[in-house]
Amino acid sequence: MNKSRAIYPGSFDPVHFGHLDVIKRSTHLFSDLIIAVAASKSKGPFFSVEERMAMLRETLGDDPAITILPLEGLLVDFAREHGVFTVIRGLRAVSDFEFEFQMALMNRKLEPRLETVYLTPKEDYTYLSSRIMKEVARFGGDVSQLAPSCVSERLARMRVRNPGAE
Ligand code: ADP
């Protein structure tokens, strides 16, 4: 088991400044970070896994400490496959807690070696979620303060292509 490695799993549909804040904090704590992009089909994702990974790659550049991989199936299987048993999750508010607590205990039940580490973002980002950002963009709102330019420009272009979107 490699203790200096961690997995940050999520949908990242799409990535925003809250995720990036957690990624930055994680790279201060761990020498290697795997960002695992979950298909999350049940959430009806807006972008494909490939598009979400491409936006992360474009944003994070070529950092040797960060690997971006697709996550299919169970996180515990992914953790075993990579020999990494530390999982990072972001906690924005109390509202995140119940779901995260349940997930952490279920994951530990499935794989006792798995530990979940919670990081809180800078307070400016505690209100931010991919869902609310997509909602703002859908109605033509400016999301350039919420996400990297490759994401906000892409969301704006999609709005132009679907002017009837509401
Ligand atoms: P999920 O994994 O539930 O589909 P996301 O992909 O949106 O959700 O987020 C992945 C992880 O990043 C989760 O741990 C989530 O709590 C965290 N996260 C999302 N938004 C923020 C934010 N604004 N600040 C800090 N952490 C966040």
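Visitor: Which helix is R159 in?

Guide: R159 sits in α6, residues 149-161. Keep in mind that this is a predicted model.

Visitor: Is R159 buried, exposed or partly exposed?

Guide: R159 is partly exposed. Its relative accessible area is 28%, and the partly exposed class runs between under 20% for buried and over 50% for exposed.

Visitor: How far apart are R159 and F78?

Guide: In space, 35 Å from C-alpha to C-alpha. In sequence, they are 81 residues apart.

Visitor: Let's switch to α3. Which of its residues are buried?

Guide: In α3, residues 75-82, the buried ones are L75, V76, F78 and A79.

Visitor: Where do those buried residues fall, seen down the axis of α3?

Guide: They fall within an arc of 160°, so they line one face of the helix. In general, an α-helix has 3.6 residues a turn, so residues three or four places apart point the same way.

Visitor: Now the largest nonpolar core. Which residues touch the most other members?

Guide: I23, I35, V37, L56, I88, M133 and V151. That core has 32 residues.

Visitor: What does L56 touch?

Guide: Leaving out residues up to four places away in sequence, L56 touches F12, V15, I23, I35, V37 and I68.

Visitor: So where do F78 and A79 go?

Guide: Into another core, which lies apart from the largest one. This other core has 13 residues, and A38 and V84 are also among them.

Visitor: On to the ligand. Which residues come nearest?

Guide: Y8, S11, K43, G90 and Y125, out of 17 residues around the ligand.

Visitor: What does S11 do there?

Guide: One of its polar side-chain atoms lies 2.4 Å from an oxygen atom of the ligand.

Visitor: Which polar atom of Y125 is 2.8 Å from a ligand nitrogen, backbone or side chain?

Guide: Backbone, for Y125. With H16, an N or O atom in the side chain is 3.4 Å from a nitrogen atom of the ligand.

Visitor: How much of the ligand does the protein cover?

Guide: The protein covers 91% of its accessible area. On its own, the ligand has 530 Å².

Key:
Residues numbered from 1 in each chain as written. Predicted model: local features only at pLDDT ≥ 70, side-chain atom pairs only at ≥ 80, totals over all residues. Heavy atoms only, no water. Buried < 20%, exposed > 50% of the residue type's maximum accessible area, 1.4 Å probe, protein only. Helix = DSSP H or I, 4+ residues; strand = E, 2+ residues; numbered from the N terminus. Arc of directions from axis to C-beta. Core = buried A, V, L, I, M, F, W, Y, C linked by side-chain atoms within 4.5 Å. Contact = heavy atoms within 4.5 Å. Near = heavy atom within 4 Å. Polar contact = N/O pair within 3.5 Å; in protein donor to acceptor, adjacent residues only side chain to side chain. Areas by Shrake-Rupley, 256 points an atom, 1.4 Å probe, with all protein chains shown as cover.
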